[in-house]
Amino acid sequence: GAKDRRIQSASIVARATVPMSGPTERAELLVVQVEYLEGERERYLLPVTYLEGARADALSQDHPEAILAMLTVRTGTSGLLVDAHYEPAFGKALVDFIANRRRRTDESGVRLVGRTVPVTAEMLSAIAFTERAPSRVSGAEQSNTSIVIGEADGPRCIVKSVRRLEPGAHPEVELGRVLTLAGAHVARLLGSLDVVMDDEPITVAVVHEFVPHESDAWGSTLR
């Protein structure tokens, strides 16, 4: 696997902006290309955002592992470059982008495309992803990062960022769509987010309904 390979270089080959509400105005979805000393290159998703003041202090205390760098901006103010998953507005911004089937093209020509599933569109619109809605990073053991969004006594969703990027639709989207349309007893697919580079879509986030349980598939496997 990639964890056992030695990295030769890493570079940002594309970025896409996700607008966010509140003090944190935006996050950047960075596509990082990693070259290894042996084997094929790979691309990874790194969502980042900038925090300062009380928000930066709170994240430093609660999630120091999310800090990527300490920065001083042109105004002389100091702040933090952080993993955007730990900024509550980020996950909600992704879901809002998907639920409203938004499209956005950055100056570089990279496009963001939100996609929904017609049979679950009403379910997605019923989830509270306003500024005050709860949002937490899931602690489940997995290679991707997931965020649970919504009120505990209401409908919730789980949005997963895909870390390792592959061209085309993610298998989880294709399989989830088939199972959802078939009415299977699984967490239903609510939507997905694509980054389009050189007219080629790449899935970067997937949204499912959140089904609360005492454990998850990974935890059950370890038992």
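## Inside helix 2

The buried residues of helix 2 are Ala89, Phe90, Gly91, Lys92, Ala93, Leu94, Val95, Phe97 and Ile98, where buried means under 20% relative accessible area with a 1.4 Å probe, protein chains only. That is nine of the 12 residues, so helix 2 is largely enclosed by the rest of the structure. This is a predicted model: local features need pLDDT of at least 70, side-chain atom pairs count only at pLDDT 80 or more, and totals for chains, interfaces and linings use all residues. Numbering runs from 1 along each chain as its sequence is written, and side-chain values use heavy atoms, leaving out hydrogens and water.

Just after the helix, Arg101 takes a positive phi of about 50°.

## The whole chain

Overall, the protein chain has five helices and 13 strands, which are DSSP runs numbered from the N terminus (helices H or I, at least four residues; strands E, at least two). The chain's radius of gyration is 18 Å, close to the 17 Å from the globule rule for 223 residues, so the chain is as compact as a globular protein of that length. Here the radius is taken over C-alpha atoms, and the rule is 2.2 Å times the number of residues to the power 0.38.

Of the 223 residues, 39% count as buried. The C-alpha atoms fill a box of roughly 55 × 45 × 45 Å along the principal axes.

Key
Buried < 20%, exposed > 50% of the residue type's maximum accessible area, 1.4 Å probe, protein only.
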